[in-house]
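Trainee: I have a new model on my screen and I'd like to learn how to read it. Could you walk me through it?

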Amino acid sequence: MYRAYLTVLLVLVVGATAVAAQSPGESLFTQTCVACHTIGGGRLIGPDLANVHYRRDEAWLISFVQSSQSLVASGDTAASSLVAAYNGMIMPDHPLTDDQVREILAHIALNSPAGNPPVVDEVVDPAEVTTAQIDMGQSLFVGRMPFENGGAACSSCHNVRTDAVMTGGSLAKDLTTAVTRLTRPGVEAMMKSPPFPAMRTAFEGKPLTEEEAAAISAFLQVTDEVHLTQEDRDYGRTLTGYGLVGVLIVLGLFSLLGIRNTKHTVNYHIYGRQIKTRKDRQVI
Ligand code: HEC
Ligand code: HEC
């Protein structure tokens, strides 16, 4: 799961905000909730908790924080529709006592902007999810960064639609909305033990690390969230860029081989791109 990422995030956040005197509620909130929730700062992985004490009663909040899935299993419709609204994302259980949750709720109430209930369905600002992780996920996905255990780049078989990435392989399903379809834990489970033979072979004996899986699922979460707003703006320029690089490489190779003086029987522009495409599609 993305626990490694949460831990890193928590360490950063806790380190940055370690203030002299914190109430018990505040330090619990900072240690356990802040990775996914803000109070009045907008939606992160979970909803903005500002004024949540007006929306839900205390008993419900205590049960939800302790074990949201038990509440869902008990048939609570508020809990299950909330989980559905967050694409099946499961809030982890917290082994906190009722009193500890009350402390946290008091901290939330104290810090909620008065009379300013949160907008529940604000779009997540991808930059806030952790840029470093998204970058890492993207590099791993397209093969710019090798996997620690040597697995194949996802883009050799999968495509994902985003401005940031060149077209990937078409052997397997497009993963642009994989997080909506499968949830992040689902996508990570899929990466760590692929149920599909073609993909399993590519990672046999070369498992992804927790950190890698978390980074890729973060990257996929962001492409999923922003895909509707993606424009083709930069696409042409990127393609031309790659084309030019391809042409230069091919020209360089030909000149090395000393056949630069032969007539141009190859359309280097297309040739360069095909070499590139073939590489992308290659199944390793
Ligand atoms: C890993 C991310 C994560 C962590 C950590 C987390 N939550 Fe959540 N939380 C969520 C998600 C996602 C939801 C939306 C419901 C769902 O999908 O389960 C949620 C929903 C909630 C809700 C319901 C909000 C509403 O609008 O009704 C409350 C209350 C809440 N969380 C409190 C907490 C508290 C308190 C902590 C710390 C003890 C915490 N959460 C830690 C992800 C998290
Ligand atoms: C050798 C080719 C190959 C590689 C490399 C590969 N996959 Fe797959 N993957 C597949 C095949 C084949 C399927 C099965 C169904 C299909 O066609 O989408 C699949 C299915 C999936 C699914 C389920 C799709 C869905 O919506 O049902 C996910 C998620 C996924 N792969 C993620 C990844 C990630 C992330 C990576 C990189 C770490 C990766 N795959 C690398 C071949 C590959």
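Mentor: Let's start with the classes of residue: Ala, Val, Leu, Ile, Met, Phe, Trp, Tyr, Cys and Pro count as nonpolar, Asp, Glu, Lys and Arg as charged, and the others, Gly among them, as polar. Keep in mind that this is a predicted model.

Trainee: Then how many nonpolar, polar and charged residues does the shell around ligand 1 have?

Mentor: That shell has 19 nonpolar, four polar and two charged residues. In total, 25 residues surround ligand 1, and the closest are Cys 33, Cys 36, His 37, Met 89 and Met 91.

Trainee: Which polar side-chain atoms lie 2.6 Å from an oxygen atom of ligand 1?

Mentor: For a polar contact, look for a pair of N or O atoms within 3.5 Å. Here, Arg 55 has a polar side-chain atom 2.6 Å from an oxygen atom of ligand 1, and Arg 56 has one at 2.6 Å from an oxygen atom of the ligand too. Met 91 takes part through its backbone, with an N or O atom 3.4 Å from an oxygen atom of ligand 1. As for the elements around it, α3 (52–55), α4 (58–66) and α6 (77–85) are those that give two or more residues to this shell. The largest share, three residues, comes from α4.

Trainee: Which residues coordinate the iron atom of ligand 1?

Mentor: To read a metal site, find the donor atoms and then check the angles among them. In this model His 37 (NE2) and Met 91 (SD) coordinate the iron atom of ligand 1, at 1.9 to 2.0 Å. The site has six donor atoms, with angles of 86 to 178°, and is octahedral. The pair links distant parts of the chain: His 37 is in the loop between α2 (24–32) and α3, while Met 91 is in the loop between α6 and α7 (98–111), 54 residues apart.

Trainee: Is His 37 buried or exposed?

Mentor: The cut-off for buried is under 20% relative accessible area. His 37 has 10% relative accessibility, so it counts as buried. Ser 68 counts as buried too, because its relative accessibility is 0%. You'll find Ser 68 in helix α5 (residues 68–73). Leaving aside neighbours within four places in sequence, Ser 68 is in contact with Ser 63, Met 91 and Asp 93.

Trainee: Now ligand 2. Which residues come nearest to it?

Mentor: Of the 23 residues around ligand 2, the nearest are Cys 154, Cys 157, His 158, Arg 181 and Met 199. The elements giving two or more residues to this shell are α9 (178–182), α10 (184–192) and α11 (197–203). The largest share, four residues, belongs to α11. By class, the shell divides into 19 nonpolar, two polar and two charged residues.

Trainee: What should I look for in the backbone angles?

Mentor: Most residues other than glycine have a negative phi. Asn 51, though not a glycine, has a positive phi of about 60°. Asn 87 isn't a glycine either, and its phi is positive at about 55°.

Trainee: Where are Asn 51 and Asn 87 found?

Mentor: Asn 51 is in the loop between α2 and α3, and with a relative accessible area of 4% it is buried. Asn 87 is in the loop between α6 and α7, and at 36% relative accessibility it counts as partly exposed.

Conventions: Residues numbered from 1 in each chain as written. Chains lettered and ligands numbered in written order. Predicted model: local features only at pLDDT ≥ 70, side-chain atom pairs only at ≥ 80, totals over all residues. Heavy atoms only, no water. Near = heavy atom within 4 Å. Polar contact = N/O pair within 3.5 Å; in protein donor to acceptor, adjacent residues only side chain to side chain. Donors = N, O, S within 2.8 Å, 3.2 Å for Na, K, Ca; no water. Tetrahedral: all angles 85-135°; square planar, octahedral: opposite > 155°, others 65-115°. Buried < 20%, exposed > 50% of the residue type's maximum accessible area, 1.4 Å probe, protein only. Contact = heavy atoms within 4.5 Å.
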